[in-house]
Amino acid sequence: MTQHYANIVGLGMYAPEKVLTNADLAKIVDTSDEWIVSRSGIRERHIASDKEQCSDMAAAASRDALAMANVDPSDLDLIIVATSSPDNHVPPMSSLVQDKLGAGNVGAYTLVAGCPGWVYAMVQGSAMIQAGLAKNVLVVGAELISRYLDFTDRATCVLFGDAAGAVVLQATDKPCGLLSYELGSDGSGAEHLKMKGCGTELPPREDTIGNREDWYLQMNGREVFKFATRKMVDSLHSVLEKADLTFDDIDYVVPHQANMRIIEYAAGKAKLAPEKMIANVSNYGNTSAASIPLAMCEAYHDGRIKPGQKLVFSSFGAGLTWAAAIFELATP
Ligand code: COA
């Protein structure tokens, strides 16, 4: 029986034109460039215009990924869109992306697993290809998180930004693709990162709508920080062990871009050379499910990421959830 592997053949990204710097934020809330840079490493982030929706950003990144892969949208077999900030709760944003791309009427679904959603989606898309059930799978991470931010809350509004990243996975018989993974969730920490409003717990009705903070992202930064540092280090070791590899075998770690301190802590604990960690959080902030494909796409275009390499993705986020996966890029 033919063995199928899921190779990464296309990468695309989109960031809105408008850039919001730390100095801009200091005019809105009681903060400073010095505080934001020293606590998070973030210097600026991109913010979508009023006319843009999350599906527009997802479609823009996807078009670039499809062009690089030389795959026509009509040749996609499956579309998975990871997001926690969709255009609407109904319909699923994935169907809007499918329509905007002019893809065929293929299966499309939205995956919600916090910031690690895109890593979850990469594992699922790869599994479909490895099982021989799909040839071309589009895996998108897109977030228009600024619309969920309270720009009077300095503890959250300085940390996040809007962007999208997309990957085309394609079946090949060359050994490559997903080498190992770990997906995890611990709902006992759900309160630490939450937007309460708009679900069954707090539907948007006259009697519930008054409490401002319920309609924005709330975060217990210290608890998330502790969880993130622990899980990032543990899951990196776990996927290496599962693949029978060591850090010496890995070309780059592409971590979730939430905070430079978390990335540096994980690199220190793993005794990884800092240059093996791909980081662009300073220019985009935390773009949630978009952050890893965005960072990978930039690193591909500046020549760091190349065919034949082994990459580790590692993420954590609301749920609380975490995910790590090792991918090998096929040689041409
Ligand atoms: N500007 C200035 N001061 C701020 C501020 C801001 N933007 N945000 C918070 N502060 C203040 C706090 O009010 C607090 O003041 P106090 O001591 O008078 O109460 C002080 O800074 C220290 O706050 P603290 O929460 O201890 O800071 P910290 O060192 O833990 O850093 C985070 C805060 C949010 C940067 C850090 O906890 C973090 O990165 N957590 C993880 C967040 C994350 O990754 N989330 C996404 C998950 S996907």
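## Basis of the description

Residues are numbered from 1 along each chain as its sequence is written, and side-chain values use heavy atoms, with hydrogens and water left out. Because the model is predicted, local features need pLDDT of at least 70 and side-chain atom pairs count only at pLDDT 80 or more, while totals for chains, interfaces and linings use all residues.

Helices (H or I, at least four residues) and strands (E, at least two) are DSSP runs, numbered from the N terminus.

Four strands form an open sheet in the order 8-13-12-11, and their pairing is mixed. Two strands pair if DSSP finds at least two bridges between them. Strand 8 (177–185) and strand 11 (252–255) are at the edges with a single partner strand each, so one side of each has no neighbour in the sheet. On average, neighbouring strands of this sheet are turned by 10° against each other, direction ignored.

Strand 12 (residues 310–317) pairs with strand 13 (residues 321–328) in the antiparallel sense, over eight bridges. K310 has E328 in strand 13 as its bridge partner. Helix 10 (residues 291–301) packs on the sheet and touches strand 11 and strand 12, where contact means heavy atoms within 4.5 Å. The direction of helix 10 makes about 150° with that of strand 12; axes are lines fitted to C-alpha atoms, for helices over the stretch in contact, and angles run from 0 to 180 degrees between N-to-C directions.

## Aromatic pairs

A search of the whole structure gives three aromatic pairs. Rings of Phe, Tyr and Trp (its six-membered ring) pair if their centres lie within 6.5 Å; planes under 30 degrees apart count as stacked, over 60 as edge-to-face and the rest as tilted. The ring centres of W118 and F313 are 5.2 Å apart and the planes are at 70°, so this pair is edge-to-face. W118 belongs to helix 5 (residues 117–130) and F313 to strand 12, 195 residues apart, and the pair links distant parts of the chain. W118 is buried at 1% relative accessibility, and F313 is buried at 0%. Buried means under 20% relative accessible area, exposed over 50%, partly exposed in between (1.4 Å probe, protein chains only). W118, F313 and F327 form one aromatic cluster.

F227 and W322 form an edge-to-face pair, at 6.0 Å centre to centre and 65° between the planes. F227 lies in helix 7 (residues 221–242) and W322 in strand 13, 95 residues apart. Both F227 and W322 are buried. The charged end of K231 sits over the ring of W322, 3.9 Å from its centre; the criterion is NZ of Lys or CZ of Arg within 6 Å of the ring centre and within 35 degrees of the ring normal.

## A buried loop residue

N286 lies in the loop between helix 9 (281–284) and helix 10, and is buried at 7% relative accessibility. A polar atom of the N286 side chain lies 2.7 Å from the backbone nitrogen of S288. Not counting residues up to four places away in sequence, N286 touches residues including I42, C115, F160 and H256.

## Strand 4

In strand 4 (residues 78–82), five of the five residues are buried. L78, I80 and A82 point one way, and I79 and V81 the other way. Strand 4 runs parallel to strand 5 (residues 107–111), joined by five bridges. The bridge partner of A82 in strand 5 is L111.

Technical notes: Polar contact = N/O pair within 3.5 Å; in protein donor to acceptor, adjacent residues only side chain to side chain.
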